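Reader: I would like to work through this structure one feature at a time. Please give the general idea where there is one, then the case at hand.

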Amino acid sequence: MPIRTTLTSMHEPDPSSTPSLWHWLKGTWVDRILLLLTLITIIMGWSWIQQNLSGTPMVHIYHGKSLLAIYPLHPDKPIHFQAKGDIGLSEITIDSDGVRITHSSCVSQRCVLSGHRHRIGDILACVPNRILVSIQGTQKLALDAVSE
Amino acid sequence: MTASQEITQIPRPSLASLEKKAYWLGLLLLASGLHVFEALMPSFGPWFKLGLANIITLIALQSMGAKAAASLAIGRVVIGAFFIGTMFTPTFIISLTATLASTSVMLISWRFIPRISLIGVSLLGALAHMCSQFVVVEQLFIQQIALYYLLPPLLVLSCATGWLNGALATYITAQLTIRSR
């Protein structure tokens, strides 16, 4: 079958010379240095944020720059807050599970599908309605203090 | 002058030029398809996508150059938004701005960083895409700095997807080169 062998070898690389998965994944040394530097920067930034997030968790509800309400994350009874945004209302519920957006006027409903948030630093955002729900500690982040 | 003489005077593009245009168009359609497919896929979380369409931009960058890659990246966002139905919505603005930023970073790094491969280019592109998304959302829509609390974990995920997409683009480009010999 000499013809078939020739055609096959024209279109398919020889399996013995096919590089391993590692060959495709390793990148050059420049790529690896870039990855290392990036990861170091991210971890440093992340740990800095985590160190600064402490205290009693409070739910802050914003529309754009305006602070609409602040509630404790673990209220005695469930709280339902209706935030008026750019395209309509976003209903926010705070209960024993945490905080979530239960209803939104946006089309994608991604904010509703995001579910509960219950840790300091977590956020829920509805971009079309310009509503942000942020869980913050009573101790303020240095970044916030600077921006105020 | 007869009609047949007029036709013969129209300069015809070379076959190589037509092939190049057809190849670019094929890549654009593939990238737009992946863009729409990704938008319809179940979300892995808010703000986060795998960036599969960017693989095609990387292939265009390697095989056709910076100009073709940039026009392909912008073209697929516009065509994708047209088919998804998000044209001129906040999603489109965020997507287009992030694509412009990430493509610029990718082209600059490809041009100026020596010994960088498509993996490094893709990594930087993914990071630029994620950061620019947050900047646009913070500046235009949410206007709260608390938004950035979410950025570090998403940047870690961007590193992973950027690296894998770059590796996939390198693999596909190598296979295309082998098969076109």
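Reader: Where is Arg130(A) found in chain A?

Author: Arg130(A) sits in the loop that joins β6 (123-126) to β7 (131-136) of chain A. Bear in mind that this is a predicted model.

Reader: Is Arg130(A) buried or exposed?

Author: The cut-off for buried is under 20% relative accessible area. Arg130(A) has a relative accessibility of 18%, so this residue counts as buried.

Reader: Which residues does Arg130(A) touch, not counting those up to four places away in sequence?

Author: In chain A, Arg130(A) touches Tyr62(A), His63(A), Gly64(A) and Asp86(A). In chain B, Arg130(A) touches Leu140(B), Phe141(B), Ile142(B) and Gln143(B). A polar atom of the Arg130(A) side chain lies 2.6 Å from the backbone oxygen of Phe141(B).

Reader: How should I read a salt bridge, and how many does the rule count over all chains?

Author: Side chains of opposite charge can pair when their charged atoms come close. The rule requires a side-chain nitrogen of Lys or Arg within 4 Å of a carboxyl oxygen of Asp or Glu. Over all chains, the count is 2 salt bridges.

Reader: With which residue does Arg130(A) form a salt bridge?

Author: The partner of Arg130(A) is Asp86(A), and the closest N and O atoms of the pair are 3.5 Å apart. Arg130(A) is in the loop between β6 and β7 of chain A, while Asp86(A) is in the loop between β3 (79-84) and β4 (89-95), so the pair ties together parts that are 44 residues apart in sequence. Asp86(A) has a relative accessibility of 44% and therefore counts as partly exposed.

Reader: What is the distance between the closest N and O atoms in the salt bridge of Arg119(A) with Asp122(A)?

Author: For Arg119(A) and Asp122(A), that distance is 3.9 Å. Arg119(A) is exposed at 56% relative accessibility, whereas Asp122(A) is buried at 14%.

Reader: How many salt bridges does the rule find across the interface of chain B and chain A?

Author: Across that interface the rule finds 0 salt bridges. It does find 8 residue pairs in polar contact there, with both residues at pLDDT 80 or more.

Reader: Which helices of chain B supply at least two residues each to the side that touches chain A?

Author: They are α5 (90-112), α6 (118-142) and α7 (151-180) of chain B. The largest share of that side comes from α7(B), with 14 residues. By class, the side of chain B has 32 nonpolar, 6 polar and 2 charged residues.

Reader: What area is buried between chain B and chain A?

Author: The figure is about 3,500 Å², and carbon and sulfur atoms give 73% of it. On the side of chain B, the residues that lose the most area to chain A are Ile142(B), Tyr149(B) and Trp163(B), together 20% of what that side buries. Ile142(B) is also among the residues touched by Arg130(A). In residue terms, the contact takes 40 residues from chain B and 40 residues from chain A.

Reader: How many helices and strands are there in chain B?

Author: Chain B has 7 helices and 0 strands. The C-alpha trace of chain B spans about 70 × 35 × 30 Å along its principal axes. Of its 181 residues, 47% are buried. Among contacts in chain B with a separation of 6 or more, 66% join residues 24 or more positions apart.

Reader: Which loop holds Phe88(B), and what is the phi of Phe88(B)?

Author: Phe88(B) lies in the loop between α4 (66-84) and α5 of chain B. Its phi is positive, about 65°, although Phe88(B) is not a glycine. Phe88(B) is exposed, with a relative accessible area of 67%.

Reader: Where is Arg115(B) found?

Author: Arg115(B) is in the loop between α5 and α6 of chain B. The phi of Arg115(B) is near 65°, again a positive value in a residue other than glycine. Arg115(B) is exposed, with a relative accessible area of 58%.

Reader: Which domains does the assignment give for chain A?

Author: The domain assignment gives domain 1 (21-53) and domain 2 (58-136). Taken over C-alpha atoms, the centres of domain 1 and domain 2 of chain A are separated by 32 Å.

Terms used:
Residues are numbered from 1 along each chain as its sequence is written. Chains are lettered from A and ligands numbered from 1 in the order in which they are written. Side-chain values use heavy atoms; hydrogens and water are left out. Domain bounds come from an automatic or database domain assignment. Contact means heavy atoms within 4.5 Å. Buried area is the accessible area (1.4 Å probe) that two parts lose on being put together, summed over both. A polar contact is a pair of N or O atoms within 3.5 Å; within protein, one must be able to donate a hydrogen and the other to accept it, and residues adjacent in sequence count only if both atoms are side-chain atoms. Helices (H or I, at least four residues) and strands (E, at least two) are DSSP runs, numbered from the N terminus. Ala, Val, Leu, Ile, Met, Phe, Trp, Tyr, Cys and Pro count as nonpolar, Asp, Glu, Lys and Arg as charged, and the others, Gly among them, as polar. Buried means under 20% relative accessible area, exposed over 50%, partly exposed in between (1.4 Å probe, protein chains only).
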